[in-house]
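Visitor: I have not looked at this structure before. Could you take me through it by way of a few questions?

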Amino acid sequence: MSSGIEAARPATEGGQQYHLHLSQGDLPPTVLLPGDPGRVPTLARAWDRAEDVAYHREYRSMRGSYHDVPVSACSTGIGGPSTEIALNELAEVGCRNFIRLGTTGGLQEWMRAGDIVISTAAIRWEGASASYAPDVYPACASYELVLALIEACERLKLTYHLGVSASTASFYAGQSRPAFGGYRGIEPKRMEQLTAMGVTSFEMEAATIFTLCSLFGLRAGAACVVIADRFRNEFKPGPWADDVLARVGAETAVVLAGQDEQKRRAGKEYFFPSLQSGAVDCG
Ligand code: URA
């Protein structure tokens with residue numbers, strides 16, 4: 001018996017996205033992307049209004065608003081494969097601005113636990129993006145989201161750094177950590193090489209988000225808080241990281257909405273600093 005649902009375009013019986021259980025318009029276009037489903041309500045605690053939307057497998061979603069700006073959040077799960085599913089299905093239901101918020105392992109001496117890393121681009125070692133574009137295709141953040149994340153960190157008086165990060169498909173061997181039994185894997189020198197190249201940090205999802213958004217014509221950014229100081233070999237996770245990410249996410253949504261409003265008023269496609277100061281004649 002046919003379900004009437006195409007295998008090439010899987011959906012639930014009710015017509016929702018198959019994994020996220022979301023329908024068109026369920027979430028506002030700006031979506032915060034933590035990996036951990038438990039972090040979705042934590043991010044939403046910073047908003048003025050929040051409600052649950054769906055929760056299936058590793059994908060939990062909520063929507064709400066902060067300072068009258070509609071905002072949503074959806075977990076991606078850990079790593080490229082689950083993030084690729086989230087990104088596609090969120091785009092299908094109308095999400096357009098993707099802001100990854102997560103934790104990271106800092107690679108540079110000048111970084112400390114608690115600092116924020118805003119990725120301008122990400123090395124594509126996460127696996128999933130390889131099915132979308134050849135590996136010479138860069139995984140770059142949208143400059144408008146980089147600007148919005150900078151503005152948010154400045155408003156919140158946070159210490160932040162900008163640079164190229166590395167998204168890996170493996171937390172242990174792929175980030176030069178000893179695996180079970182001390183097994184070193186095939187990348188024991190990866191960390192050293194990245195540090196020498198000035199790469200800021202390890203995480204596992206940004207490259208998938210950047211690559212797919214760039215190919216799809218959507219905007220993407222990523223800000224991660226350092227919980228692993230790989231230079232000093234110190235690990236400092238904790239609820240404080242969730243609180244920092246929640247404030248960065250809410251503020252960035254507001255800044256981005258402000259930038260977009262200035263573009264709309266000026267009839268411009270791209271945001272640039274003099275739009276804000278009014279120094280440019282857009283008439
Ligand atoms: N996330 C990672 O992928 N690596 C770390 O070291 C910390 C968080």
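Guide: A definition comes first: strands are DSSP runs of at least two residues, numbered from the N terminus. The model shown is predicted.

Visitor: Which element gives the largest share of the shell around the ligand?
Guide: The elements that give two or more residues to this shell are strand S9 (201–203) and strand S5 (97–106). The largest share is 3 residues, and it comes from S5.

Visitor: Which residues are around the ligand, and how do they divide into nonpolar, polar and charged?
Guide: Around the ligand are Thr103, Thr104, Gly105, Phe171, Gln175, Arg177, Phe202, Glu203, Met204 and Ala228. By class, the residues of the shell divide into 4 nonpolar, 4 polar and 2 charged.

Visitor: Which side chain has an N or O atom 2.6 Å from an oxygen atom of the ligand?
Guide: Two side chains can be looked at here. In the side chain of Gln175, an N or O atom is 2.8 Å from a nitrogen atom of the ligand. The 2.6 Å distance, from an oxygen atom of the ligand, belongs to the side chain of Arg177.

Visitor: How much of the ligand's accessible area does the protein cover?
Guide: The ligand sits in the largest pocket. On its own, the ligand has 240 Å² of accessible area, and the share of this that the protein covers is 93%.

Visitor: Is Ile99 buried or exposed?
Guide: Ile99 is found in strand S5. C-alpha to C-alpha, Ile99 is 9.1 Å from Ala73 in space, and the two are 26 residues apart in sequence. Buried means under 20% relative accessible area. The value for Ile99 is 0%, so Ile99 is buried.

Visitor: Why is helix H5 largely enclosed by the rest of the structure?
Guide: The buried residues of H5 are Ala206, Ala207, Thr208, Ile209, Phe210, Thr211, Leu212 and Cys213. Just after H5, Gly217 takes a positive phi of about 75 degrees. Helix H5 covers residues 206–216, and it is largely enclosed because the buried residues number 8 of the 11.

Visitor: Which residue has the backbone oxygen that the side chain of Gln259 reaches?
Guide: Gln259 lies in helix H6, residues 239–266. With a relative accessible area of 4%, Gln259 is buried. At 3.3 Å, its side chain reaches the backbone oxygen of Glu144.

Definitions and conventions:
Residues numbered from 1 in each chain as written. Predicted model: local features only at pLDDT ≥ 70, side-chain atom pairs only at ≥ 80, totals over all residues. Heavy atoms only, no water. Near = heavy atom within 4 Å. Polar contact = N/O pair within 3.5 Å; in protein donor to acceptor, adjacent residues only side chain to side chain. Areas by Shrake-Rupley, 256 points an atom, 1.4 Å probe, with all protein chains shown as cover. 1 Å grid on protein atoms, 1.4 Å probe; cavity = no way out; pocket = protein on both sides within 12 Å on 5 of 7 lines; lining within 4 Å. Sits in = over half its atoms within 2 Å of the grid points. Helix = DSSP H or I, 4+ residues; strand = E, 2+ residues; numbered from the N terminus. Nonpolar A, V, L, I, M, F, W, Y, C, P; charged D, E, K, R; others polar. Buried < 20%, exposed > 50% of the residue type's maximum accessible area, 1.4 Å probe, protein only.
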